[in-house]
Amino acid sequence: VDALTERHAFIDPRRVGIMGYSGGGLLAANAMLTMPDLFSVGVAGAGNHDNNIYEQNSGEFHFGLLPEQPDNTGEGPGRYGTALPRAANLAGHLLLIHGDQDRDVILAHSLRLAHALVEADRPFDMVIIPGGTHGSVSSSRYYHRTIWRYFAEHLGAVSD
């Protein structure tokens, strides 16, 4: 972002957004929680936010343990990608989107992150797509238009 703002005067480093779906949803949420001063808006679609409950045959499940990331009990190391312990770091606008029929990344992932955000008293937004599966949500017009609206609302013109 620093390099881009040096090169292009029209880039505002106070208005940086990130989005992702599935593993990218995890990465978008983690970016919001680990770099709250950089990202002001994020959309995390169907993110596997707590790999302690992710399916064991997924690639992400086998990324290994990182000792600095406690599991959701706070007592021991968790699976790679566990976003829950950093929920209190949220400073910007975060939208969680998930389909209620997703069998690839079950809805419990987004609900666990939502619960952690509630426990940390951090405001966020959430959209549950009724009947949405992993593939149908990410390819739906509603999903994409929701993201566009969210970024337009929260990254629109800044009044100083």
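This is a predicted model: local features need pLDDT of at least 70, side-chain atom pairs count only at pLDDT 80 or more; totals for chains, interfaces and linings use all residues.
**Helix α5**

I looked up the length of α5 first. The helix runs over residues 141-155, and at 1.5 Å a residue its 15 residues should span 21 Å. I find its end C-alpha atoms 21 Å apart, which agrees.

Next I asked which residues of α5 are buried. They are Y143, T146, I147, Y150, F151 and L155. Looking down the helix axis, I see these buried residues fall within an arc of 130°, so they line one face of α5. On the other side of the helix I list R141, W148, A152 and E153 as exposed.

I then checked what covers the buried residues of α5. The cover includes the strands β1 (17-21), β2 (41-45), β5 (93-99) and β6 (125-129), and also helix α4 (134-138).

**Salt bridges**

I count three salt bridges in the model.

R112 pairs with D50 at 2.9 Å, N to O. R112 lies in helix α3 (residues 108-119) and D50 in the loop between β2 and β3 (65-70), so this pair ties together parts that are 62 residues apart in sequence. I note D50 as buried, at 0% relative accessibility, and R112 as partly exposed, at 31%.

D12 takes part in a salt bridge with R14 at 3.0 Å, N to O. D12 also bridges to R15, with the closest N and O atoms 3.2 Å apart. I record D12 as buried, with a relative accessible area of 15%, whereas R15 is partly exposed at 29%. Through shared partners, D12, R14 and R15 join into one network.

Terms used:
Residues are numbered from 1 along each chain as its sequence is written. Side-chain values use heavy atoms; hydrogens and water are left out. Helices (H or I, at least four residues) and strands (E, at least two) are DSSP runs, numbered from the N terminus. The expected span of a helix is 1.5 Å times one less than its number of residues. Buried means under 20% relative accessible area, exposed over 50%, partly exposed in between (1.4 Å probe, protein chains only). The arc is that of the directions from the helix axis to the C-beta atoms. Contact means heavy atoms within 4.5 Å. A salt bridge is a side-chain nitrogen of Lys or Arg within 4 Å of a carboxyl oxygen of Asp or Glu.
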